[in-house]
Protein chains: 2
Amino acid sequence: MGVNITLAVDAMGGDHGPKVTVPAALELLTRRNDVKIILVGLPDAIEAELGSSATKWGSRLSVYPASDVVAMDEPPALALKKKKDSSMRKAIDLVHEGLADCCISAGNTGALMATARFVLKMMPGIERPAIATTLPTINGHVYLLDLGANVDCEPEHICQFGLMGSILASAVDNKDNPSVGLLNIGHEAIKGNGLIKRSAELLREAPINFYGNVEGDDIFKGTVDVVVCDGFVGNAVLKSSEGLAWMLGQMIRREFRQSIFSRLAALVALPVLNNLKRKVDHRQYNGASLLGLKGLVVKSHGGADVFAFRHALEYAVSEVSNHVLGRIQAAVSQLEKTS
Amino acid sequence: MGVNITLAVDAMGGDHGPKVTVPAALELLTRRNDVKIILVGLPDAIEAELGSSATKWGSRLSVYPASDVVAMDEPPALALKKKKDSSMRKAIDLVHEGLADCCISAGNTGALMATARFVLKMMPGIERPAIATTLPTINGHVYLLDLGANVDCEPEHICQFGLMGSILASAVDNKDNPSVGLLNIGHEAIKGNGLIKRSAELLREAPINFYGNVEGDDIFKGTVDVVVCDGFVGNAVLKSSEGLAWMLGQMIRREFRQSIFSRLAALVALPVLNNLKRKVDHRQYNGASLLGLKGLVVKSHGGADVFAFRHALEYAVSEVSNHVLGRIQAAVSQLEKTS
């Protein structure tokens, strides 16, 4: 197996920058010998983390200089206008120029989306980009989109999210005809607002396996393979789920510290609970796809640690090796022809 | 302490009807000697559950006949039009006629809202009713509204939800100046859609302790006392949280059944985990307020068991004894005068 996948990593992005991105990149190189990584950012900062291991990887590892960094709280429009030599911009440029198959960044989501949209442009037939991620379910995982790229959606956008989500699930999970559910406040077709009712009509006509309406609890019950919603709702659901999981984790820890008995119980229970924790660890679900662009971009959680960022890199590799971009393009142009 | 609180209980509502509502009512009578309960519904069905205990409570327990039942999946408009002698309708009528202080139903939410709005009418100054409930947080609980009464909100409605939620929290929890957060996809004021930005402006001017934007994870972190959002978002957040909590519960159980070791671990760990489960048990958070009406209505989860339904009754008692209705009315009329 030759080297056939090239990732452009925004080494400066995220809360921890090169301290996380560089070791994660090195871990990935060890695990996947078909991958080449270009670390984009301030050379000094990157090389300080690389140390002596830089030369070991030969042409599979390179540093691409960028003199600027987009701040985590920088307004997207400003980042786009003023930071043309940022690590984020340069990493996306590499995808645009065909020098990398996918760009991965833990940076500012708004800036990443705005820059990717400006540089890579939208796929013909797709009006709005969407952010998609996977979440654990009782028996596997589910794709949820949009997660915040769009806060004012039209039914056409939601329908396009359904199409893109369906292709993503079928490509990455090698699943035939994945089922797509529309997030609503009831299962019945009469429920919901005008946006949702019209979206359901469009999804019903789309060339996907449309399940119909689903409710919030269906996300984690694994009722469908893909759940679509507008970006505001998706973001609220994702973040509240993260908050609830965090709270329960804290409470379990607190409960086991309550008394001598519970401290003893913890000794035997914690290995079992840690086993579960590994299974639902949000870090291994790190890596959200920016869909609808003429190039692959994966967003990592800003606070990702090395383990989480490596998972985002692995997720990017699976998108590239499963030809997500080409498959979405083909499906969209097929749809354009028939409509 | 004399009997000074009268509850009208829709005895037929919910998935289990009188099998749940009647024993829960009897439990409440035992616990609160200041409460009188009117069980509304098919007398035969209610009396079958009451058995010999009917007479024991004297005037504190009575049965008010209603010949019809609203089905759980009945369209609200139909229920309102065709079921004028339903247990739900009659229970609300009792509040309207001043014969009861609060109506409690585990029935069809849409029908309950439509009927309550028709019979009781909206409070002057409030344009839309809202559904509010409490959720556990890391250090207490939070009020979340709206949970689905409104799927297309205007900024004015969201601002009114903030006012009503603030008064609810201050009345029921006896908390001075509770903080109110607006659910958004970022903390910064520039985030969100037009609805949210305008809602934030109105909330900033309202006579409440407005915290500003909060994100989904802030709900469970206890960042604020009250979180407001439109009904679509609130419903999606509430149900996805229920789904996630259910999934984690299932997974914990499954994990402890995996091996001999984990089964042994379960023996010592389960008492600790059950202790936690009691703390976050959604059944004790059962009881959502229908706010903005000229009368108190509490909605119980449709699938409530006796324990959960009793909690909804207790919640109704706390709304009555804390004068939630009068306080909201006073605040709204104060607002009307000053604006």
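Two strands pair if DSSP finds at least two bridges between them. In this predicted model, strand β2 of chain B, residues 35-41, pairs with a strand on either hand: six bridges join β1(B) to β2(B), and five join β2(B) to β3(B). Chain B also touches chain A.

**Burial of β2(B)**
- Seven of the seven residues of β2(B) are buried, so the strand is largely enclosed by the rest of the structure.
- Val35(B), Ile37(B), Leu39(B) and Gly41(B) point one way.
- Lys36(B), Ile38(B) and Val40(B) point the other way, and these are buried too.
- In a regular strand the side chains alternate between the two faces of the sheet.

**Pairing and crossovers**
- Strand β1(B), residues 5-10, runs parallel to β2(B).
- Val9(B) has Leu39(B) as its bridge partner in β2(B).
- Ile37(B) has Leu61(B) as its bridge partner in β3(B).
- From β2(B) the chain passes through helix α2(B), residues 43-50, to reach β3(B), and this β-α-β crossover is right-handed.

**Contact with chain A**
- The contact takes 47 residues from chain B and 47 residues from chain A.
- On the side of chain B, the elements giving two or more residues are α8 (216-221), α9 (231-257) and α10 (260-280).
- Helix α9(B) gives the most, with 21 residues.
- By class, this side of chain B has 27 nonpolar, twelve polar and eight charged residues.

Notes: Residues numbered from 1 in each chain as written. Chains lettered and ligands numbered in written order. Predicted model: local features only at pLDDT ≥ 70, side-chain atom pairs only at ≥ 80, totals over all residues. Buried ≥ 20, exposed ≤ 12 C-beta atoms within 10 Å, placed from the backbone. Helix = DSSP H or I, 4+ residues; strand = E, 2+ residues; numbered from the N terminus. Right-handed = clockwise from strand over helix to strand, strands pointing away. Contact = placed C-beta atoms within 7 Å. Nonpolar A, V, L, I, M, F, W, Y, C, P; charged D, E, K, R; others polar.
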